[in-house]
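Have the viewer open as you read.

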Amino acid sequence: MPSSPQRLDPPYRRIVTELRARILTGDLRPGDRVPSVRQIAQRWGVAAATATKVMATLRDEGLVETKVGSGTVVSARTNHKPSVSPTTSPRAQASVAPRQALSRKQVLRTAIAIADREGLDAVSMRRLAAELSVGPMSLYRHVATKDELVAQMVDEAFGEAELPVPGPEGWRAKLELISRRQWELCRRHLWLPRAVSFTRPLLVPNLTAHTEWTLRALDGLGLPMTTRIREALTLHGLVVTVALSLADEIEAQQETGMTLDRWRLGQRKRAAELLESGRFPLLATVPEEAVSDLDGLFEYSLACHLDGFAALLAAKSR
């Protein structure tokens, strides 16, 4: 997707980042009191609601806990980064080093696997840490927030699609190729369509490369850049729209335990009453598979769209 100016983090996130850093570096140690909601509001000049959100976020991340008589303190389960003095022996330094290095790719692939199985809402820092058998704090070397995690998951997923250079001959073959590659991605990762935005695009390399590749596919057609970017967005929107229907159906099956065929059986009497009333004679003749075949719908939509784009080019040449 096309890039847009970077938005500043909201105030509560900046405060969370600062307090989290103090906890992880050991400036605030387990059992130490953290600023109260009132102190956060006064010190950072924010509303009480914002300060409350800061505290809730730190609590959700397992960084702080409330103790009777002590207020809110750094959680005893927090693993801050130990400091090593210059005189510490190599053996002592080795003893405080993490036993297992966690790679960024390992974090992302695990998060993607959770989302593939259970949906994007199932992905959280706590769940991811549990899946990796590490403390939640280990993840913050790779991702600072859930939003950043999702953005990197999208980038990782779009990196799975190979975009050949220069690609097949002709603009139509190129647009067909990238549309089908994106359709394959959305079928593989049902959460992906909901993680991207047209108005607030994610600034990640692999996703941006798809838009750049599409724009380049339209080289030599004499089109202004406004038309080219609108074509790229329209093409991507076509893929996402059909993919969302696919994702909705899979989620409905997971939530209800009922397949589409079983759902249709349950609706058969009602459908018969509606369609056999004579009010909708054309709909009554539509085969069921014509509606449920989302692969066929995607191919039909793509072909019709590209036919229309070809007509636009023909009109322009005249």
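## Around Trp-191

Skipping neighbours within four places in sequence, Trp-191 is in contact (heavy atoms within 4.5 Å) with Ile-112, Ala-115, Asp-116, Leu-120, Met-153, Val-154 and Ala-157.

A word on the source: this is a predicted model, where local features need pLDDT of at least 70 and side-chain atom pairs count only at pLDDT 80 or more, while totals for chains, interfaces and linings use all residues. Residues are numbered from 1 along each chain as its sequence is written, and side-chain values use heavy atoms, with hydrogens and water left out.

## Two nonpolar cores

A nonpolar core here is a set of buried Ala, Val, Leu, Ile, Met, Phe, Trp, Tyr and Cys residues joined through side-chain atoms within 4.5 Å. Buried means under 20% relative accessible area, exposed over 50%, and partly exposed in between, with a 1.4 Å probe and protein chains only.

The largest core has 53 residues, and Leu-149, Met-153, Val-154 and Trp-191 touch the most other members. Helices supplying at least two residues each include H1 (11-24), H5 (104-118) and H7 (146-158); helices are DSSP runs of H or I, at least four residues, and strands are E runs of at least two, numbered from the N terminus. H7 gives the most, with seven residues. A second, separate core of 23 residues includes Trp-171, Leu-177, Leu-223 and Phe-298.

Gly-62 sits in the loop between H3 and strand E1 (64-67) and is buried, at 11%.
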